[in-house]
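Dear colleague,

I am passing on the structure below, and I would be glad if you could look through it before reading my notes.

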Amino acid sequence: APRSMLVALAFAALALVKGDLPIHCRRKWVYGEWTLKRGEANSGGVNNCGYLTPDKNVHHFSHKEAYEFKAVGKEILVELKKPNIVKCIEGCKKDGTFSMIYDEGMEIYLPD
């Protein structure tokens, strides 16, 4: 009986736990205004966002593995709207679309 009580208590405690991965991004959180900045061009190879490939989670918190982003060119101001509309506000010519990449990123398409 004491063991089953401990198991029941453990499951009850799980209901109180609330957490998530820091990389998790829900669609409703991406709506709104975004300032997009273009980074330096990648001269061949794979763009790996500054991390090792494959990487370990510990690399994401280590300053020696940090990626230094250098913005080049103009900034673009857009608004992401439901369901997948990119409204051009400044620095672009036409509206576009966006799509989520699972829950870890997004792709924005703006026509020339």
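This is a predicted model, and the mean pLDDT of the protein chain is 76, with 60% of its residues reaching 70 or more. Among the elements of the chain, strand 3 (residues 85–90) has the highest mean pLDDT, 96, whereas helix 1 (residues 2–14) has the lowest, 66.

The strands form an open sheet of five, in the order 1-2-3-4-5 and with antiparallel pairing. Strand 1 and strand 5 stand at the edges, and because each has a single partner strand, one side of each is left without a neighbour in the sheet. From one strand to the next, the twist averages 35°. Strand 5 pairs with strand 4 (residues 96–101) in the antiparallel sense over five bridges, and Met106 in strand 5 is the bridge partner of Met100.

Met106 also belongs to the lining of the second largest pocket, together with Leu36, Lys37, Arg38, Val72, Gly73, Lys74, Ile76, Glu107, Ile108, Tyr109 and Leu110. Two or more residues of that lining come from each of strand 1 (32–39), strand 2 (71–81) and strand 5 (105–109). The space in this pocket is about 400 Å³, and the residues that line it divide into seven nonpolar, one polar and four charged.

With best regards

Methods: Residues are numbered from 1 along each chain as its sequence is written. This is a predicted model: local features need pLDDT of at least 70, side-chain atom pairs count only at pLDDT 80 or more; totals for chains, interfaces and linings use all residues. Side-chain values use heavy atoms; hydrogens and water are left out. On a 1 Å grid over the protein atoms alone, a cavity is a set of points where a 1.4 Å probe fits but cannot get out, and a pocket is an open set with protein on both sides within 12 Å along at least five of seven lines; lining residues have an atom within 4 Å of a point. Grid points are joined across faces, edges and corners, and a volume is the space filled by probe spheres set on the points. Helices (H or I, at least four residues) and strands (E, at least two) are DSSP runs, numbered from the N terminus. Ala, Val, Leu, Ile, Met, Phe, Trp, Tyr, Cys and Pro count as nonpolar, Asp, Glu, Lys and Arg as charged, and the others, Gly among them, as polar. Two strands pair if DSSP finds at least two bridges between them. Axes are lines fitted to C-alpha atoms, for helices over the stretch in contact, and angles run from 0 to 180 degrees between N-to-C directions. pLDDT is the predictor's confidence in each residue, from 0 to 100.
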